Amino acid sequence: MLIKDSSSSGRLRLAEAIEAAIPAAWDYDRNADIFLTNSRLVEIYGFSPETQITFRDFLKATHSDDADWAHDLLRGAIQLPREGVYHYRIIRPDGAVRSIKNKIVATAQPHDPQFASAYTGVIEDITEQTRASHALTESETRLRLAIEAGKMAIWEVDLEAGTVTNTPELNLLFGLPAEAKPTFAELRAFYAPGEVERLREEGAALEAVREQYAQGNFKPRRNYFDPIEDDRTQVQAELSIITPSGQKKRLLYRAQYTFNLEGRPQITGLLVDITERKNAEERLSTVARELQHRVKNSLALAQSLAVQSFRSSTNPSQAVDTFQARLQALALATDLLLISEVRSADLTTIVEKITAPYRTTGNDRFSLKGSPIYLRENAVTAIAMVLHELCSNAAKYGALSTDTGSIFLEWQKLPGGRMSIAWEERAGKNVQTPLKNGFGTQLIRSLVANDLSGSVEIDLLPTGLSCRISTGPVTVDR
């Protein structure tokens with residue numbers, strides 16, 4: 001039922017509503033130089049209602065960086081942008097900046113259709129929409145930068161259909177082209193062997209989540225900001241994948257079970273590439289084991305050096321000096337193993353420092369042969385640790401544990417920045433060494449494979465231990 005208000009206040013409110021609904025409009029007759037506006041335009045532009053506004057006053061309000069459209073109109077352009085819509089900023093008399101949308105229609109000159117005789121426009125103040133759009137864009141940019149910096153990817157899986165929402169970040173994380181459209185099954189095919197079964201046992205696989213959902217064990221959250229003391233809708237797990245190029249990656253995923261806009265349950269989550277972190281943890285674990293191994297052998301090695309120094313000596317004072325010198329050399333060699341700031345080093349220097357504790361003037365049982373080779377930073381410590389392990393093993397169990405044993409150590413530079421190292425022990429008698437299957441072998445193989453990109457052959461011959469190493473590109477030119 002329509003109620004008519006005939007009172008003066010009612011008519012005033014109706015007039016105000018109609019006035020507010022009238023768009024800001026203008027018209028300019030170029031031939032007569034007549035510019036007409038309505039009150040709404042005057043209000044948007046901040047002009048004084050008593051001021052007679054000219055067309056040039058109207059154009060001059062445009063921000064200087066956005067004035068191309070004004071130049072078009074001044075020269076009488078008839079060809080306007082698609083739909084004749086211009087977006088620009090104005091500066092009001094009070095200094096306020098507003099964003100404007102101006103839709104213009106041009107009328108051609110009767111005698112010269114290449115130019116306009118008049119323009120008519122409708123203006124809309126879109127300042128708030130523009131600010132909201134910019135804020136959204138900035139927010140999305142910050143989110144994307146954070147995702148890229150953190151090597152992350154957002155992903156969604158429809159809990160009922162099992163379909164995945166692809167994103168460029170998700171594809172790149174799996175080693176796929178950014179525009180790829182893999183299915184969930186295709187992504188799962190990149191899981192490392194055994195990962196699906198492990199995730200299922202942990203309750204983190206899609207099938208396990210579906211079972212929990214079907215049994216009503218959890219309900220997806222409709223409002224993320226609702227406080228939940230015992231939130232069983234979240235899951236976190238680690239995942240190993242193998243990309244198409246063969247690269248193994250370690251991922252951490254966190255997921256939240258929610259409803260999408262259509263009311264369907266879905267899993268929304270974040271994948272984080274933690275490969276570097278996991279590799280660092282594994283390296284730290286290896287270093288910890290190696291340090292434990294080294295500390296455990298320190299007394300045995302010191303004892304071996306003492307035996308070599310005092311066994312056949314008839315001069316106790318000289319034997320003590322020799323023993324102390326060997327301990328000092330061992331300390332210097334140990335320092336070299338722990339130096340991480342070294343950018344490059346000559347292999348000859350490394351060999352001399354590592355073998356010094358086991359050599360005696362006048363009775364040097366090492367035969368060293370090789371040309372100068374400079375190693376890359378990441379190879380210095382690895383080579384030093386390998387040689388240290390071989391030396392300490394020889395002192396305790398091999399050629400250096402006897403009076404007549406000797407060691408031949410030779411290195412050679414190969415094409416492509418590679419090199420070879422040959423270690424041959426001549427014990428002088430049959431010796432039994434645990435290096436063949438012990439931690440020392442594991443450490444040497446790990447260092448050669450991971451830090452030197454090479455291969456190693458270790459054999460226990462009747463004459464003593466033989467170790468031959470071939471590296472990848474680890475040398476630098478000087």
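Helices (H or I, at least four residues) and strands (E, at least two) are DSSP runs, numbered from the N terminus. You're looking at a predicted model, where local features need pLDDT of at least 70 and side-chain atom pairs count only at pLDDT 80 or more, while totals for chains, interfaces and linings use all residues. Residues are numbered from 1 along each chain as its sequence is written, and side-chain values use heavy atoms, with hydrogens and water left out.

**Stop 1: a hairpin.** Select residues 455-461, strand β16, together with residues 464-470, strand β17. The two run antiparallel and are joined by seven bridges. They make a hairpin, with two residues between them. Now show Glu457: across from it in β17 you'll find Arg468.

**Stop 2: two helices crossing.** Next, pick helix α12 (residues 347-355) and helix α13 (residues 377-396). Their axes come within 10 Å and cross at roughly 35°; axes here are lines fitted to C-alpha atoms, for helices over the stretch in contact, with angles running from 0 to 180 degrees between N-to-C directions. The crossing is right-handed, meaning that the near helix is turned clockwise from the far one by less than a right angle.

On α12, show Leu347, Ile350, Val351, Ile354 and Thr355; on α13, show Val380, Ile383, Ala384, Leu387, His388 and Cys391. Colour this contact by class and you get nine nonpolar residues, two polar and no charged ones. For that colouring, Ala, Val, Leu, Ile, Met, Phe, Trp, Tyr, Cys and Pro are nonpolar, Asp, Glu, Lys and Arg are charged, and the others, Gly among them, are polar.

**Stop 3: a five-stranded sheet.** In what order do the strands of this open sheet lie? Go across it and you read β2-β1-β5-β4-β3, with antiparallel pairing. At the edges sit β2 (34-37) and β3 (85-91), each pairing on one side only. From one strand to the next, the twist averages 25°. Zoom in on β1 (residues 24-29), which pairs with β2 over four bridges; Asp29 is opposite Ile34 of β2.

**Last stop: zoom out.** Show the whole chain, with its 14 helices and 18 strands. Of its 478 residues, 42% count as buried, i.e. under 20% relative accessible area with a 1.4 Å probe, protein chains only.

Terms used:
Pairing = 2+ DSSP bridges. Contact = heavy atoms within 4.5 Å. Buried < 20%, exposed > 50% of the residue type's maximum accessible area, 1.4 Å probe, protein only.
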